[in-house]
Amino acid sequence: MAGVFLTAEWRYLALLNFEVDPAVLMPLVPQGTELDDKAGRHFVSLVGFLFLDTRVLGVPAFFHRDFEEINLRFYVRRSVGGETRRGVVFIREMVSLPLVAAAARLTYNEPYRTVPTRHRIAKTEGGLQTVEYRSGGPGDECRFALHVDGEPHPIVAGSDEEFLSERPWGYTRQRDSGTIEYHVKHPRWITWSNAGCEIDGPVRDFYEEPFASILSVAPASAFIADGSAVAVHLPERIA
């Protein structure tokens, strides 16, 4: 396994999950992987989270340590020597820092776009209440928010939350049509389930069809994960 490229804290991960026809995703599947499904169901997820205390090759990323990321992703798997590696593929990733986007495109060829981003975390005496992420400027702002009540709980084995969040691998199609694989290591998270959700704004300004239309209907599920420290390894090409 390749060495660690980046370490950080990923916190307050808000996941809105939409069921999709697998035919929509097939043209985007990187070579050497296949679509992953849960009992025949396929998903894309809109995810917002905080990147905190970011370090690249062990060095603090000065002026770029804390920021939001908002991404749209789907789910694949790869068999390696009898092991099933479950991973994600990104359709769109958005951050507000041009250097972060440029480094990710250069190192991983990830589909980053630089746009203004913001977040809001609301708590009460009873605990977490709302996690909200915004992208775009005053004239084209998109917003999504998740609302929860009660205490978080460990992820249940076999649940949709496990399928969608326990993803130790990333896969990215390269310019020559090859594929890179990278390992993402973190402990198992705890989650707030069955979140109420809102999404509004000009989604079509940020996502192409058919994904703009997919994001315009009610999600199949929504939940918040507390997050943890993470280590993202350097990429390796797969055969």
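Residues are classed here as nonpolar (Ala, Val, Leu, Ile, Met, Phe, Trp, Tyr, Cys and Pro), charged (Asp, Glu, Lys and Arg) or polar (the others, Gly among them). The model is predicted: local features need pLDDT of at least 70, side-chain atom pairs count only at pLDDT 80 or more, and totals for chains, interfaces and linings use all residues. Numbering starts from 1 along each chain as its sequence is written, and side-chain values use heavy atoms, with hydrogens and water left out.

**View 1. The largest pocket.** By class, 25 nonpolar, five polar and five charged residues make up the lining of the largest pocket. A pocket is an open set of points on a 1 Å grid over the protein atoms alone, with protein on both sides within 12 Å along at least five of seven lines; a cavity is a set where a 1.4 Å probe fits but cannot get out; lining residues have an atom within 4 Å of a point. The volume of the largest pocket is about 610 Å³. Volumes are the space filled by probe spheres set on the points, with grid points joined across faces, edges and corners. Of its 35 lining residues, Trp 10, Phe 51, Glu 69, Tyr 112 and Val 232 lie nearest the centre. At least two lining residues come from each of strands E1 (4–20), E3 (42–56), E5 (67–80), E6 (83–95) and E13 (179–185), and from helix H2 (98–108). Helices (H or I, at least four residues) and strands (E, at least two) are DSSP runs, numbered from the N terminus.

**View 2. The second largest pocket.** This pocket holds about 350 Å³ of space. It has 18 lining residues, and Leu 28, Phe 90, Ile 91, Arg 92 and Pro 111 are the closest to its centre. E5, E6 and strand E12 (169–173) each give at least two residues to the lining. E6 has the largest share, with four residues. The lining divides into 11 nonpolar, two polar and five charged residues.

**View 3. A four-stranded open sheet.** The strand order is E8-E9-E10-E15, with antiparallel pairing. Strands E8 (117–124) and E15 (196–200) are at the edges with a single partner strand each, so one side of each has no neighbour in the sheet. Two strands pair if DSSP finds at least two bridges between them. Strand E10 (residues 142–147) is joined to E15 by five bridges. Phe 144 stands opposite Ile 199 in E15.

**View 4. The cavity.** The whole structure has one cavity of 30 Å³ or more. Leu 46, Ser 135, Cys 142, Phe 144 and Tyr 207 are nearest the centre, among 13 lining residues. Strand E9 (127–135), E10 and E15 each supply at least two of the lining residues. The lining has nine nonpolar, one polar and three charged residues.

**View 5. Salt bridges.** A search of the whole structure finds 25 salt bridges, each a side-chain nitrogen of Lys or Arg within 4 Å of a carboxyl oxygen of Asp or Glu. Arg 77 and Asp 36 form one, with the closest N and O atoms 2.6 Å apart. Arg 77 lies in strand E5 and Asp 36 in the loop between E2 and E3, so the pair ties together parts 41 residues apart in sequence. Both residues are buried; buried means under 20% relative accessible area, exposed over 50%, partly exposed in between (1.4 Å probe, protein chains only). A network of salt bridges links Arg 118, Arg 120, Glu 132, Arg 134, Glu 141, Arg 143, Glu 198 and Asp 200.
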